Amino acid sequence: MTQFVFNSINRKNYSEIAKAINVTLGKEKPVIICVGSDLSVGDSLGPFVGTRLTENENNDYFVYGTLENPITAKEVKTINEKIKRMHPFSKVLVVDAALGKNSEIGYVKVLEGGIKPGLGVKKDLPLIGDVSIIAIVGEYQSNYYSLSGKERLNAVYLMGQDIAKAINIAFNKEKTH
C-alpha cells in the first residue's frame with residue numbers, strides 16, 4: 001500500500017498533498033466522503049473539509065459529509081451502499097480524523113486504499129474508499145478511545161484547510177500559490 005506522510009507544521013504542504021492524491025488516485029474526479037461529527041473538535045476535521053470543498057464555486061465533484069450534514073462513522077455502511085448505487089464507476093476519496101502516537105499529532109497521511117472509520121475508537125465498521133486522507137488529531141491511548149476534549153481547534157482547522165486546498169489543487173480547482 002502506497003502511503004505519503006506530511007507534517008502539518010509546514011503550511012506549504014498542500015501542494016505536496018495534492019501531488020500524493022494524484023499519484024494514488026489519478027486526475028479523475030472522485031466522489032469525496034468526509035467522515036466525522038461536528039460534536040467534537042477532533043472528529044470535526046472531515047465535515048470541516050467537506051464544508052470547505054462545497055464552498056468552492058468551481059466545485060464539480062460530489063462531496064458527502066459537511067458540518068451541516070455530517071457523515072458519522074455509524075453511517076458508513078449506508079453511505080457505502082449509496083455511493084455504489086449512485087456513482088458505480090467513480091473512485092472514492094475518504095477524509096477522516098484519526099488517533100496516533102503523540103509524536104504523530106499534526107501529521108496528514110495520504111493512503112492508497114480505504115479505511116475503516118472509527119477503528120481508533122474501537123468501532124468495527126466496513127472499509128470505505130479507494131484512497132484515504134487521514135489527519136492525526138489526537139493521541140491514541142489504550143484506555144482512552146475518544147476524539148473529544150484534548151484536540152486543539154486551531155490544529156484541526158489548519159489541517160482541514162490544507163487538506164481542502166490540496167484536494168482543490170489536485171483536481172485543478174485552485175492554484176498552488
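**Notebook: sheet and ring pairs**

I began with strand β2, residues 31-34, and found two bridges joining β2 to β3, the two strands running parallel. The model is a predicted one. In this pairing Ile-32 stands opposite Val-63 of β3. Ile-33 stands opposite Tyr-64, also in β3.

I then followed the chain from β2 to β3. The path goes through α2, and this β-α-β crossover is right-handed.

Next I checked the other neighbour, β4. Four bridges join β2 to β4, and these strands run parallel. Here Ile-32 stands opposite Leu-93.

Are the residues of β2 buried or exposed? I found both faces of β2 covered. Val-31 and Ile-33 are buried on one side, Ile-32 and Cys-34 on the other. In a regular strand, side chains alternate between the two faces of the sheet.

I widened the view to the whole sheet. It is open, has six strands and mixed pairing, and I read the order as β1-β5-β6-β4-β2-β3.

Helix α1, residues 13-25, lies across β1, β4 (92-100), β5 (107-112) and β6 (131-139). Helix α1 runs at about 170° to β1.

I turned to the rings. How many aromatic pairs does the whole structure hold? My search gave two.

One is Phe-48 with Tyr-157: ring centres 5.2 Å apart, planes at 45°, so I logged the pair as tilted. Phe-48 lies in helix α2 (residues 45-55) and Tyr-157 in helix α4 (residues 153-170), so the pair ties together parts 109 residues apart in sequence. Phe-48 has a relative accessible area of 14%, under the 20% cut-off, so I noted Phe-48 as buried. Tyr-157 is at 35% relative accessibility and counts as partly exposed.

The other pair is Tyr-61 with Phe-171. Their ring centres are 6.0 Å apart and their planes stand at 65°; the cut-off is over 60 degrees, so this pair is edge-to-face. Tyr-61 sits in the loop between α2 and β3, and Phe-171 in the segment after α4. The pair links distant parts of the chain, 110 residues apart. Both Tyr-61 and Phe-171 are buried.

Last, I checked for a charge over a ring. Lys-165 lies over the face of Tyr-14, 4.4 Å from the ring centre.

Key: Residues are numbered from 1 along each chain as its sequence is written. This is a predicted model: local features need pLDDT of at least 70, side-chain atom pairs count only at pLDDT 80 or more; totals for chains, interfaces and linings use all residues. Side-chain values use heavy atoms; hydrogens and water are left out. Two strands pair if DSSP finds at least two bridges between them. Contact means heavy atoms within 4.5 Å. Axes are lines fitted to C-alpha atoms, for helices over the stretch in contact, and angles run from 0 to 180 degrees between N-to-C directions. Rings of Phe, Tyr and Trp (its six-membered ring) pair if their centres lie within 6.5 Å; planes under 30 degrees apart count as stacked, over 60 as edge-to-face and the rest as tilted. Buried means under 20% relative accessible area, exposed over 50%, partly exposed in between (1.4 Å probe, protein chains only). A charge sits over a ring if NZ of Lys or CZ of Arg is within 6 Å of the ring centre and within 35 degrees of the ring normal. A crossover is right-handed if, with the strands pointing away from the viewer, the path from the first strand over the helix to the second runs clockwise.
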